[in-house]
Amino acid sequence: MAEKVGEEKKQHETLPLLTPYKMGNFQLSHRIVLAPLTRQRSYINVPQPHAILYYSQRTTNGGLLIAEATGVSDTAQGYPDTPGIWTKEQVEAWKPIVDAVHAKGGIFFCQIWHCGRVSNSGFQPNGQQPVSSTDKALTPQVRSNGTDVAPFTPPRRLRTDEIPQIINDFRLAARNAIEAGFDGVEIHGAHGYLIDQFLKDQVNDRTDQYGGSLENRCRLALEIVEAVSNEIGADKVGIRLSPFADYMESGDSNPKALGLYLAESLNKFGVLYCHMVEPRMKTVGEKSPECPHSLLPMRDAFNGTFLVAGGYDREDGANAIAENRADLVAYGRWFLANPDLPKRFEINAPLNKYNRETFYISDPVVGYTDYPFLETTA
């Protein structure tokens with residue numbers, strides 16, 4: 001019996017996901033990251049006290065958490081009850097949430113975003129049109145509940161002289177995040193939102209210096225990275241990218257070249273990490289069984305910490321670390337349903353199933369803080 005226990009202990013100790021890692025100035029105790037998950041429980045765009053429990057439940061000493069996508073301005077919104085960080089009230093509301101994560105020894109980054117055309121005039125100040133790289137409208141989408149249809153107002157193409165304001169909104173949001181106590185920010189450059197609308201040639205039909213060539217399409221993303229890095233320090237900046245994805249009708253004709261160019265360009269700024277979504281995740285929550293593409297070229301090109309996300313389980317994640325395909329692995333749905341996911345991975349315990357129907361409801365408990373922990377014995 002003692003021999004068996006010894007073998008199990010050895011297995012737990014050597015699971016690559018549970019090995020420590022130094023991410024810049026941050027000492028992580030393991031490689032399992034809470035992915036940014038939109039939860040739509042920040043009423044009127046203000047983080048709520050129930051988020052204190054939600055995030056602290058998923059905090060481990062030396063674990064990295066990335067907060068849900070947080071709007072950089074009043075034009076950035078595209079969904080009900082998503083948090084912002086552009087007002088004093090929002091900054092103050094984030095503080096106790098961040099404090100709760102820090103009290104348990106967690107490292108907490110705020111994901112900052114702008115939805116661009118993934119919005120409608122109902123979310124916009126004075127009922128105006130959403131802004132984008134383009135004036136091409138987005139096809140109405142079935143919402144995540146599978147029944148409601150989200151209508152999108154045709155966007156207004158940003159004028160060249162308006163782009164510095166967008167960059168400044170990201171800069172100020174990053175400053176506010178640090179004021180709220182976050183350890184850093186993750187710029188959301190993925191999944192068909194504003195930055196991705198500039199990056200992808202399927203959407204970006206501009207003829208100014210922000211459109212056309214690969215370099216021009218990447219200009220906005222890199223100018224935001226530069227502004228945010230100058231404001232809070234590149235050692236506190238990450239970016240999330242999904243070059244291969246086609247979310248919200250934002251695909252690219254040469255995703256490998258796009259991903260590689262961005263990975264190489266980010267090195268100039270010395271940012272802390274690059275967080276890329278696996279090519280197998282072409283659409284939200286859908287994993288392609290066969291995928292000829294790989295993030296390895298981007299992993300090899302980028303000098304900082306490389307995070308991966310997209311349909312990982314325990315074995316997949318362990319292999320990604322063991323084979324040096326990634327430094328850290330972000331888990332979304334499994335971390336949502338298993339607030340003690342690192343512990344479960346450590347002892348290879350069964351996982352709670354997630355309930356997709358409660359992902360985005362506004363209840364402050366159901367589908368949010370009511371997923372059970374492992375039974376602990378005294």
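**Close-up views of a predicted model**

Tyr193 is buried, its relative accessible area being 10% in this predicted model.

**View 1. The aromatic pair of Tyr79 and Tyr193.** Among the 15 aromatic pairs of the structure, that of Tyr79 and Tyr193 is edge-to-face, with 6.3 Å from centre to centre and 70° between the planes. Tyr79 belongs to the loop between β5 and α3, and Tyr193 to the loop between β11 and α5, so the pair ties together parts that lie 114 residues apart in sequence. Tyr79, at 16% relative accessibility, also counts as buried.

**View 2. The aromatic pair of Phe109 and Tyr273.** The ring centres of Phe109 and Tyr273 are 5.7 Å apart and the planes meet at 50°, so this pair is tilted. Because Phe109 lies in strand β6 and Tyr273 in strand β13, the pair ties together parts 164 residues apart in sequence. Phe109 is buried at 0% relative accessibility, and Tyr273 is likewise buried, with a relative accessible area of 0%.

**View 3. Surroundings of Lys136.** Lys136, in the loop between β7 and β8, is partly exposed at 31% relative accessibility. Leaving aside residues up to four places away in sequence, Lys136 touches Arg117, Pro155, Gln202, Val203 and Asp205, and a polar atom of its side chain lies 3.3 Å from the backbone oxygen of Val203.

**View 4. Helix α8 and its cover.** Helix α8, residues 255-266, reaches 16 Å from its first C-alpha to its last. Its buried residues include Leu258, Tyr261 and Leu262, and what covers the buried residues of α8 includes α7, β12 and β13.

Key: Residues are numbered from 1 along each chain as its sequence is written. This is a predicted model: local features need pLDDT of at least 70, side-chain atom pairs count only at pLDDT 80 or more; totals for chains, interfaces and linings use all residues. Side-chain values use heavy atoms; hydrogens and water are left out. Helices (H or I, at least four residues) and strands (E, at least two) are DSSP runs, numbered from the N terminus. The expected span of a helix is 1.5 Å times one less than its number of residues. Buried means under 20% relative accessible area, exposed over 50%, partly exposed in between (1.4 Å probe, protein chains only). Contact means heavy atoms within 4.5 Å. A polar contact is a pair of N or O atoms within 3.5 Å; within protein, one must be able to donate a hydrogen and the other to accept it, and residues adjacent in sequence count only if both atoms are side-chain atoms. Rings of Phe, Tyr and Trp (its six-membered ring) pair if their centres lie within 6.5 Å; planes under 30 degrees apart count as stacked, over 60 as edge-to-face and the rest as tilted.
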